[in-house]
Amino acid sequence: MCSTCGCNQPSDAVTITLIGEEQTTREQQGFSLDMQGDDPQPTRHFHPGHGRRHAAHHHHHLHGHTHGHHHHLHSHDDHDHGHDHHHGKTVVELEQDILQKNNLLAERNRGFFEARNVLALNLVSSPGSGKTSLLERTLAALKGELECFVIEGDQQTSNDANRIAATGAPVVQINTGKGCHLDSDMVNQAVKKLRPSESSLLFIENVGNLVCPSLFDLGEGARVVIISVTEGDDKPIKYPDMFFSSDLCIINKIDLLPYVQFDMEKAKDYARRVNHHLEFIELSATSGQGMEQWLDWLKRKRGEMNA
Amino acid sequence: MHELSIVLSIVDAAEEQARKHGAAAVERIDLEIGALAGIEPDALAFAWEAGLPGTILANAERHIHYIPGRARCMDCGCQFDVQQLYEACPQCGNYFTDLLQGRELKIKSLTLTTAEEVIS
(Lines give C-alpha, C1' and ligand atoms only; values in the text may rest on other atoms or scores of the structure.)
Protein backbone atom coordinates (compact mmCIF):
# COMPACT_ATOMS: atom_id res chain seq x y z
CA MET A 1 0.00 0.00 0.00
CA CYS A 2 1.24 3.47 -0.83
CA SER A 3 2.35 5.10 2.41
CA THR A 4 1.41 8.55 1.17
CA CYS A 5 -2.18 8.11 0.23
CA GLY A 6 -3.05 4.57 1.24
CA CYS A 7 -3.98 3.55 -2.27
CA ASN A 8 -3.52 0.06 -3.62
CA GLN A 9 -3.53 0.99 -7.29
CA PRO A 10 -0.21 0.72 -9.08
CA SER A 11 -1.18 3.75 -11.19
CA ASP A 12 -1.23 5.75 -8.00
CA ALA A 13 2.26 4.70 -7.02
CA VAL A 14 4.84 7.40 -6.49
CA THR A 15 7.19 7.66 -9.45
CA ILE A 16 10.41 9.64 -9.56
CA THR A 17 11.72 10.48 -13.00
CA LEU A 18 14.92 12.18 -14.03
CA ILE A 19 14.00 14.15 -17.12
CA GLY A 20 16.32 13.80 -20.08
CA GLU A 21 18.39 10.97 -18.72
CA GLU A 22 19.61 8.62 -21.41
CA GLN A 23 17.60 5.49 -21.61
CA THR A 24 19.47 2.38 -20.66
CA THR A 25 18.47 -1.22 -20.95
CA ARG A 26 19.72 -2.12 -17.53
CA GLU A 27 16.98 -3.20 -15.23
CA GLN A 28 17.60 -3.25 -11.52
CA GLN A 29 15.55 -4.25 -8.59
CA GLY A 30 13.07 -1.49 -7.90
CA PHE A 31 13.72 0.27 -11.18
CA SER A 32 11.68 0.09 -14.30
CA LEU A 33 12.86 1.79 -17.43
CA ASP A 34 10.52 3.09 -20.02
CA MET A 35 9.98 5.73 -22.62
CA GLN A 36 6.96 7.93 -22.06
CA GLY A 37 4.48 8.05 -24.94
CA ASP A 38 4.45 11.68 -26.00
CA ASP A 39 7.57 12.64 -24.19
CA PRO A 40 10.34 13.35 -26.69
CA GLN A 41 12.94 12.66 -24.01
CA PRO A 42 13.74 9.23 -22.65
CA THR A 43 12.85 8.92 -19.00
CA ARG A 44 13.58 6.56 -16.19
CA HIS A 45 11.17 5.77 -13.41
CA PHE A 46 11.95 4.72 -9.92
CA HIS A 47 9.39 3.09 -7.73
CA PRO A 48 10.46 3.53 -4.15
CA GLY A 49 8.28 0.63 -3.04
CA HIS A 50 8.26 -0.47 0.51
CA GLY A 51 11.96 -0.23 1.20
CA ARG A 52 11.41 3.43 1.92
CA ARG A 53 9.61 2.63 5.09
CA HIS A 54 12.76 1.47 6.82
CA ALA A 55 15.07 4.28 5.94
CA ALA A 56 15.28 6.16 9.19
CA HIS A 57 16.65 5.32 12.60
CA HIS A 58 14.59 5.85 15.66
CA HIS A 59 15.83 7.18 18.93
CA HIS A 60 13.40 7.30 21.74
CA HIS A 61 13.12 6.37 25.32
CA LEU A 62 11.22 3.28 26.10
CA HIS A 63 9.78 2.89 29.51
CA GLY A 64 7.98 -0.35 29.30
CA HIS A 65 6.42 -2.30 32.07
CA THR A 66 4.59 -5.55 31.95
CA HIS A 67 1.32 -6.43 33.57
CA GLY A 68 0.03 -9.92 34.06
CA HIS A 69 0.70 -12.93 36.13
CA HIS A 70 3.70 -15.09 35.65
CA HIS A 71 4.31 -18.24 37.52
CA HIS A 72 7.90 -19.30 37.52
CA LEU A 73 7.91 -22.76 38.92
CA HIS A 74 11.25 -24.46 38.60
CA SER A 75 11.54 -28.00 39.65
CA HIS A 76 15.27 -28.45 39.91
CA ASP A 77 15.13 -31.90 41.50
CA ASP A 78 14.04 -33.75 38.43
CA HIS A 79 14.74 -31.09 35.81
CA ASP A 80 11.26 -31.36 34.47
CA HIS A 81 10.45 -28.04 32.81
CA GLY A 82 7.07 -27.40 31.32
CA HIS A 83 6.15 -24.60 28.94
CA ASP A 84 3.21 -22.34 29.40
CA HIS A 85 1.97 -19.37 27.37
CA HIS A 86 0.70 -16.29 29.14
CA HIS A 87 -0.84 -13.27 27.56
CA GLY A 88 0.60 -10.14 29.08
CA LYS A 89 0.03 -6.50 28.58
CA THR A 90 2.92 -4.14 27.89
CA VAL A 91 2.49 -0.42 28.05
CA VAL A 92 5.11 1.39 25.98
CA GLU A 93 5.38 5.05 26.92
CA LEU A 94 6.50 6.09 23.50
CA GLU A 95 6.23 9.91 23.55
CA GLN A 96 7.17 9.88 19.87
CA ASP A 97 6.31 12.42 17.23
CA ILE A 98 3.86 10.89 14.77
CA LEU A 99 5.90 12.28 11.90
CA GLN A 100 9.20 11.17 13.41
CA LYS A 101 10.13 9.04 10.42
CA ASN A 102 9.57 11.94 8.04
CA ASN A 103 11.34 14.37 10.35
CA LEU A 104 14.41 12.17 10.81
CA LEU A 105 14.81 11.62 7.09
CA ALA A 106 14.28 15.36 6.55
CA GLU A 107 17.19 16.00 8.92
CA ARG A 108 19.33 13.56 6.92
CA ASN A 109 18.46 15.50 3.77
CA ARG A 110 19.28 18.73 5.57
CA GLY A 111 22.66 17.36 6.65
CA PHE A 112 23.42 16.34 3.09
CA PHE A 113 22.48 19.79 1.79
CA GLU A 114 24.61 21.48 4.44
CA ALA A 115 27.62 19.29 3.79
CA ARG A 116 27.34 19.94 0.06
CA ASN A 117 26.63 23.61 0.66
CA VAL A 118 23.36 23.34 -1.27
CA LEU A 119 20.61 25.85 -0.54
CA ALA A 120 17.39 23.85 -0.77
CA LEU A 121 14.11 25.73 -0.99
CA ASN A 122 10.66 24.22 -0.53
CA LEU A 123 8.25 26.18 -2.73
CA VAL A 124 4.64 25.82 -1.60
CA SER A 125 1.43 27.37 -2.87
CA SER A 126 -2.05 26.62 -4.08
CA PRO A 127 -2.33 25.44 -7.69
CA GLY A 128 -2.07 28.22 -10.25
CA SER A 129 -0.17 30.78 -8.17
CA GLY A 130 2.63 30.79 -10.74
CA LYS A 131 5.31 28.65 -9.07
CA THR A 132 6.53 27.11 -12.31
CA SER A 133 6.52 30.42 -14.21
CA LEU A 134 8.49 32.02 -11.39
CA LEU A 135 10.96 29.14 -11.48
CA GLU A 136 11.39 29.38 -15.25
CA ARG A 137 12.18 33.06 -15.00
CA THR A 138 14.47 32.54 -11.99
CA LEU A 139 16.45 29.79 -13.71
CA ALA A 140 16.87 31.91 -16.81
CA ALA A 141 18.07 34.86 -14.71
CA LEU A 142 20.57 32.81 -12.70
CA LYS A 143 21.98 30.95 -15.67
CA GLY A 144 25.75 31.18 -15.73
CA GLU A 145 25.81 32.69 -12.26
CA LEU A 146 24.46 30.01 -9.94
CA GLU A 147 24.02 26.35 -10.71
CA CYS A 148 20.39 25.34 -10.15
CA PHE A 149 18.64 21.99 -9.74
CA VAL A 150 14.91 21.37 -9.58
CA ILE A 151 12.60 18.77 -8.08
CA GLU A 152 9.07 19.03 -9.43
CA GLY A 153 6.19 17.61 -7.40
CA ASP A 154 2.84 16.99 -9.05
CA GLN A 155 0.16 14.36 -8.70
CA GLN A 156 0.30 13.55 -12.42
CA THR A 157 2.20 14.43 -15.62
CA SER A 158 5.74 15.69 -16.15
CA ASN A 159 4.50 18.86 -17.88
CA ASP A 160 6.12 21.15 -15.32
CA ALA A 161 9.39 19.22 -15.34
CA ASN A 162 9.50 19.46 -19.13
CA ARG A 163 9.03 23.22 -18.88
CA ILE A 164 11.91 23.39 -16.41
CA ALA A 165 14.06 21.05 -18.52
CA ALA A 166 13.65 23.47 -21.42
CA THR A 167 15.59 26.09 -19.40
CA GLY A 168 18.53 23.68 -19.25
CA ALA A 169 18.34 23.00 -15.51
CA PRO A 170 18.56 19.35 -14.38
CA VAL A 171 15.15 18.32 -13.08
CA VAL A 172 13.51 15.33 -11.45
CA GLN A 173 9.76 14.90 -11.60
CA ILE A 174 8.03 13.29 -8.63
CA ASN A 175 4.51 12.15 -9.40
CA THR A 176 2.73 11.49 -6.15
CA GLY A 177 -0.23 9.71 -7.71
CA LYS A 178 -3.07 10.56 -5.37
CA GLY A 179 -0.70 11.97 -2.75
CA CYS A 180 -1.30 15.58 -1.76
CA HIS A 181 2.23 16.52 -0.68
CA LEU A 182 5.90 15.63 -1.01
CA ASP A 183 7.60 13.94 1.91
CA SER A 184 11.23 13.72 2.94
CA ASP A 185 11.63 10.22 1.52
CA MET A 186 10.51 11.24 -1.96
CA VAL A 187 12.95 14.12 -1.85
CA ASN A 188 15.69 11.81 -0.59
CA GLN A 189 15.12 9.48 -3.55
CA ALA A 190 14.89 12.37 -6.00
CA VAL A 191 18.12 13.95 -4.73
CA LYS A 192 19.95 10.66 -5.30
CA LYS A 193 18.92 10.78 -8.94
CA LEU A 194 19.47 14.51 -9.33
CA ARG A 195 22.89 14.69 -7.61
CA PRO A 196 22.98 18.46 -7.09
CA SER A 197 26.52 19.78 -7.32
CA GLU A 198 28.42 21.55 -4.58
CA SER A 199 27.31 25.09 -3.72
CA SER A 200 24.25 24.91 -5.96
CA LEU A 201 20.65 25.93 -5.50
CA LEU A 202 17.95 23.29 -5.25
CA PHE A 203 14.34 24.31 -5.85
CA ILE A 204 11.75 21.82 -4.65
CA GLU A 205 8.39 22.69 -6.15
CA ASN A 206 5.86 21.03 -3.88
CA VAL A 207 2.44 19.75 -4.97
CA GLY A 208 0.05 22.68 -5.43
CA ASN A 209 -1.78 22.55 -2.12
CA LEU A 210 -1.81 25.10 0.67
CA VAL A 211 -2.76 22.67 3.42
CA CYS A 212 -1.05 19.26 3.47
CA PRO A 213 2.56 20.14 2.54
CA SER A 214 2.80 22.40 5.60
CA LEU A 215 3.19 19.40 7.91
CA PHE A 216 6.00 17.71 6.03
CA ASP A 217 9.56 18.87 6.54
CA LEU A 218 11.63 17.96 3.48
CA GLY A 219 14.97 19.08 4.91
CA GLU A 220 14.84 22.42 3.15
CA GLY A 221 16.94 25.41 4.18
CA ALA A 222 13.95 27.73 3.81
CA ARG A 223 10.29 27.45 2.96
CA VAL A 224 8.83 29.88 0.47
CA VAL A 225 5.06 30.31 0.20
CA ILE A 226 3.78 31.86 -3.02
CA ILE A 227 0.41 33.55 -3.38
CA SER A 228 -0.87 35.62 -6.25
CA VAL A 229 -2.98 38.77 -6.31
CA THR A 230 -5.71 36.87 -8.17
CA GLU A 231 -6.33 34.96 -4.94
CA GLY A 232 -8.05 36.49 -1.93
CA ASP A 233 -6.04 38.79 0.32
CA ASP A 234 -7.35 36.81 3.30
CA LYS A 235 -5.53 33.65 2.19
CA PRO A 236 -3.00 33.86 5.05
CA ILE A 237 -5.72 33.49 7.68
CA LYS A 238 -7.74 31.01 5.65
CA TYR A 239 -4.73 28.70 5.40
CA PRO A 240 -2.63 29.80 8.37
CA ASP A 241 -0.55 26.63 8.76
CA MET A 242 1.42 27.19 5.58
CA PHE A 243 2.15 30.82 6.44
CA PHE A 244 3.06 29.83 9.99
CA SER A 245 5.76 27.44 8.76
CA SER A 246 7.19 29.58 5.93
CA ASP A 247 10.18 31.94 5.91
CA LEU A 248 9.38 34.00 2.86
CA CYS A 249 6.08 34.97 1.23
CA ILE A 250 6.17 35.84 -2.45
CA ILE A 251 3.18 37.78 -3.72
CA ASN A 252 3.09 37.04 -7.44
CA LYS A 253 1.26 38.51 -10.45
CA ILE A 254 1.49 42.12 -9.25
CA ASP A 255 1.17 43.18 -12.92
CA LEU A 256 -2.52 42.27 -12.50
CA LEU A 257 -3.06 44.49 -9.44
CA PRO A 258 -5.00 47.18 -11.39
CA TYR A 259 -7.56 44.58 -12.46
CA VAL A 260 -8.23 42.76 -9.21
CA GLN A 261 -9.47 43.56 -5.75
CA PHE A 262 -6.44 42.67 -3.71
CA ASP A 263 -5.37 44.76 -0.75
CA MET A 264 -1.61 44.23 -0.53
CA GLU A 265 -1.21 45.70 2.96
CA LYS A 266 -4.15 43.72 4.28
CA ALA A 267 -2.70 40.48 2.91
CA LYS A 268 0.66 41.21 4.52
CA ASP A 269 -0.97 42.22 7.78
CA TYR A 270 -2.92 38.95 7.90
CA ALA A 271 0.23 36.97 7.13
CA ARG A 272 2.17 38.80 9.87
CA ARG A 273 -0.55 38.00 12.39
CA VAL A 274 0.12 34.32 11.68
CA ASN A 275 3.91 34.62 11.53
CA HIS A 276 5.72 37.80 12.45
CA HIS A 277 9.05 36.39 11.17
CA LEU A 278 7.74 36.20 7.60
CA GLU A 279 9.53 38.22 4.90
CA PHE A 280 7.70 39.49 1.79
CA ILE A 281 8.61 40.02 -1.83
CA GLU A 282 6.12 41.41 -4.35
CA LEU A 283 6.84 40.47 -7.94
CA SER A 284 5.51 39.50 -11.31
CA ALA A 285 7.02 36.45 -12.96
CA THR A 286 5.42 37.64 -16.20
CA SER A 287 6.62 41.25 -16.37
CA GLY A 288 9.77 40.71 -14.34
CA GLN A 289 8.90 43.49 -11.90
CA GLY A 290 10.33 42.73 -8.45
CA MET A 291 12.47 39.85 -9.72
CA GLU A 292 15.70 41.57 -8.64
CA GLN A 293 14.57 41.54 -5.04
CA TRP A 294 13.89 37.81 -5.23
CA LEU A 295 17.23 37.07 -6.88
CA ASP A 296 18.97 39.16 -4.22
CA TRP A 297 17.16 37.20 -1.53
CA LEU A 298 18.35 33.93 -3.08
CA LYS A 299 21.95 35.14 -3.26
CA ARG A 300 21.80 36.45 0.30
CA LYS A 301 20.47 33.11 1.59
CA ARG A 302 23.16 31.28 -0.38
CA GLY A 303 25.77 33.59 1.08
CA GLU A 304 24.51 32.95 4.62
CA MET A 305 25.28 29.26 4.14
CA ASN A 306 28.95 30.03 3.70
CA ALA A 307 29.05 32.30 6.72
CA MET B 1 -6.19 14.66 3.04
CA HIS B 2 -2.84 14.39 4.83
CA GLU B 3 -4.63 12.74 7.73
CA LEU B 4 -4.24 9.41 5.94
CA SER B 5 -0.47 9.93 5.86
CA ILE B 6 -0.67 10.66 9.56
CA VAL B 7 -2.61 7.46 10.23
CA LEU B 8 -0.17 5.39 8.15
CA SER B 9 2.75 6.93 10.05
CA ILE B 10 1.06 5.88 13.28
CA VAL B 11 0.61 2.34 11.91
CA ASP B 12 4.31 2.24 10.96
CA ALA B 13 5.39 3.28 14.44
CA ALA B 14 2.97 0.85 16.13
CA GLU B 15 4.12 -2.07 13.98
CA GLU B 16 7.73 -1.32 14.77
CA GLN B 17 7.02 -1.30 18.50
CA ALA B 18 4.99 -4.49 18.25
CA ARG B 19 7.88 -6.20 16.46
CA LYS B 20 10.33 -4.97 19.03
CA HIS B 21 8.22 -6.27 21.91
CA GLY B 22 7.00 -9.41 20.18
CA ALA B 23 3.41 -8.27 20.52
CA ALA B 24 0.57 -9.78 18.57
CA ALA B 25 -1.77 -6.84 18.75
CA VAL B 26 -2.15 -3.31 20.01
CA GLU B 27 -4.92 -3.04 22.55
CA ARG B 28 -4.89 0.70 23.02
CA ILE B 29 -3.13 3.71 21.58
CA ASP B 30 -2.95 7.14 23.17
CA LEU B 31 -2.32 10.11 20.93
CA GLU B 32 -1.62 13.73 21.76
CA ILE B 33 -2.86 16.17 19.14
CA GLY B 34 -2.61 19.91 19.40
CA ALA B 35 -5.62 22.03 18.45
CA LEU B 36 -3.37 23.96 16.04
CA ALA B 37 -1.45 20.99 14.64
CA GLY B 38 -3.26 21.12 11.32
CA ILE B 39 -5.21 17.92 11.91
CA GLU B 40 -8.97 17.83 11.52
CA PRO B 41 -10.48 15.42 14.08
CA ASP B 42 -13.20 14.33 11.63
CA ALA B 43 -10.73 13.75 8.82
CA LEU B 44 -8.51 11.81 11.21
CA ALA B 45 -11.43 9.61 12.30
CA PHE B 46 -12.27 8.98 8.65
CA ALA B 47 -8.67 8.18 7.75
CA TRP B 48 -8.47 5.91 10.81
CA GLU B 49 -11.28 3.76 9.44
CA ALA B 50 -9.70 3.72 5.99
CA GLY B 51 -6.12 3.05 6.95
CA LEU B 52 -6.37 0.50 9.74
CA PRO B 53 -7.95 -2.71 8.45
CA GLY B 54 -5.40 -5.50 8.28
CA THR B 55 -2.84 -3.65 10.40
CA ILE B 56 -1.73 -4.26 13.96
CA LEU B 57 -3.94 -1.37 15.07
CA ALA B 58 -7.09 -2.86 13.53
CA ASN B 59 -8.71 -3.51 16.91
CA ALA B 60 -6.94 -0.90 18.96
CA GLU B 61 -8.87 1.49 21.16
CA ARG B 62 -8.00 5.03 20.13
CA HIS B 63 -7.66 7.69 22.81
CA ILE B 64 -6.95 11.20 21.62
CA HIS B 65 -5.82 13.83 24.09
CA TYR B 66 -6.38 17.23 22.53
CA ILE B 67 -3.95 19.92 23.63
CA PRO B 68 -5.46 23.41 23.54
CA GLY B 69 -3.53 26.22 21.88
CA ARG B 70 -1.73 28.62 24.19
CA ALA B 71 0.35 31.66 23.34
CA ARG B 72 2.43 34.34 25.03
CA CYS B 73 2.41 37.99 24.09
CA MET B 74 5.91 39.18 23.28
CA ASP B 75 5.06 42.68 24.45
CA CYS B 76 3.27 42.34 27.76
CA GLY B 77 4.23 38.74 28.44
CA CYS B 78 0.73 37.60 29.33
CA GLN B 79 -0.31 34.07 28.42
CA PHE B 80 -3.65 33.23 26.85
CA ASP B 81 -5.59 30.45 25.13
CA VAL B 82 -5.80 30.58 21.34
CA GLN B 83 -8.10 28.85 18.89
CA GLN B 84 -6.22 30.09 15.81
CA LEU B 85 -2.65 30.77 14.76
CA TYR B 86 -3.45 34.46 14.31
CA GLU B 87 -4.93 35.71 17.56
CA ALA B 88 -4.17 39.04 19.15
CA CYS B 89 -3.12 39.38 22.77
CA PRO B 90 -6.29 40.01 24.81
CA GLN B 91 -4.41 42.54 27.00
CA CYS B 92 -2.70 44.77 24.44
CA GLY B 93 -4.12 43.69 21.06
CA ASN B 94 -0.67 42.77 19.77
CA TYR B 95 -0.15 40.03 17.18
CA PHE B 96 3.48 39.54 18.16
CA THR B 97 2.84 36.34 19.99
CA ASP B 98 4.72 33.10 20.48
CA LEU B 99 2.87 29.83 20.44
CA LEU B 100 3.60 27.83 23.59
CA GLN B 101 1.54 24.73 22.89
CA GLY B 102 -1.03 23.37 20.48
CA ARG B 103 1.17 22.03 17.66
CA GLU B 104 1.68 18.60 19.25
CA LEU B 105 1.42 15.51 17.09
CA LYS B 106 2.52 12.64 19.23
CA ILE B 107 2.05 8.98 20.02
CA LYS B 108 1.97 9.05 23.80
CA SER B 109 1.76 5.37 24.54
CA LEU B 110 0.85 1.97 23.20
CA THR B 111 -0.68 -0.89 25.14
CA LEU B 112 0.55 -4.09 23.55
CA THR B 113 -0.80 -7.59 23.96
CA THR B 114 2.17 -9.88 24.33
CA ALA B 115 2.28 -13.64 24.34
CA GLU B 116 5.06 -14.74 26.65
CA GLU B 117 6.51 -18.15 27.02
CA VAL B 118 7.04 -19.01 30.63
CA ILE B 119 8.90 -22.03 31.90
CA SER B 120 6.97 -23.73 34.61
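How exposed is Lys101(A), given as a relative accessible area? Lys101(A) has a relative accessible area of 23%, so it is partly exposed. The close-ups below come from a predicted model.

**View 1. Lys101(A) pairs with Asp12(B) in a salt bridge.** The N to O distance here is 3.9 Å. This pair crosses between chains, linking helix α1 (residues 100-115) of chain A to helix α1 (residues 3-21) of chain B. Asp12(B), at 14% relative accessibility, counts as buried.

**View 2. Glu95(A) and Lys106(B) form another salt bridge, at 3.1 Å from N to O.** Here the crossing runs from strand β5 (residues 83-97) of chain A to strand β6 (residues 105-119) of chain B. Both partners are partly exposed, Glu95(A) with a relative accessible area of 38% and Lys106(B) with 25%.

**View 3. Helix α7 (residues 264-274) of chain A has buried residues, including Met264(A), Tyr270(A) and Val274(A).**

**View 4. Asn209(A) sits in the loop between β9 (201-205) and β10 (222-228) of chain A.** Asn209(A) counts as buried, at 15% relative accessibility. Its side chain reaches the backbone nitrogen of Val211(A) at 2.7 Å and the backbone oxygen of Cys180(A) at 3.2 Å. Among the residues that Asn209(A) touches are Ser125(A), Pro127(A) and Met242(A).

Note on methods: Residues are numbered from 1 along each chain as its sequence is written. Chains are lettered from A and ligands numbered from 1 in the order in which they are written. This is a predicted model: local features need pLDDT of at least 70, side-chain atom pairs count only at pLDDT 80 or more; totals for chains, interfaces and linings use all residues. Side-chain values use heavy atoms; hydrogens and water are left out. Buried means under 20% relative accessible area, exposed over 50%, partly exposed in between (1.4 Å probe, protein chains only). Helices (H or I, at least four residues) and strands (E, at least two) are DSSP runs, numbered from the N terminus. A polar contact is a pair of N or O atoms within 3.5 Å; within protein, one must be able to donate a hydrogen and the other to accept it, and residues adjacent in sequence count only if both atoms are side-chain atoms. Contact means heavy atoms within 4.5 Å. A salt bridge is a side-chain nitrogen of Lys or Arg within 4 Å of a carboxyl oxygen of Asp or Glu. Lists of a residue's contacts leave out its neighbours within four places in sequence.
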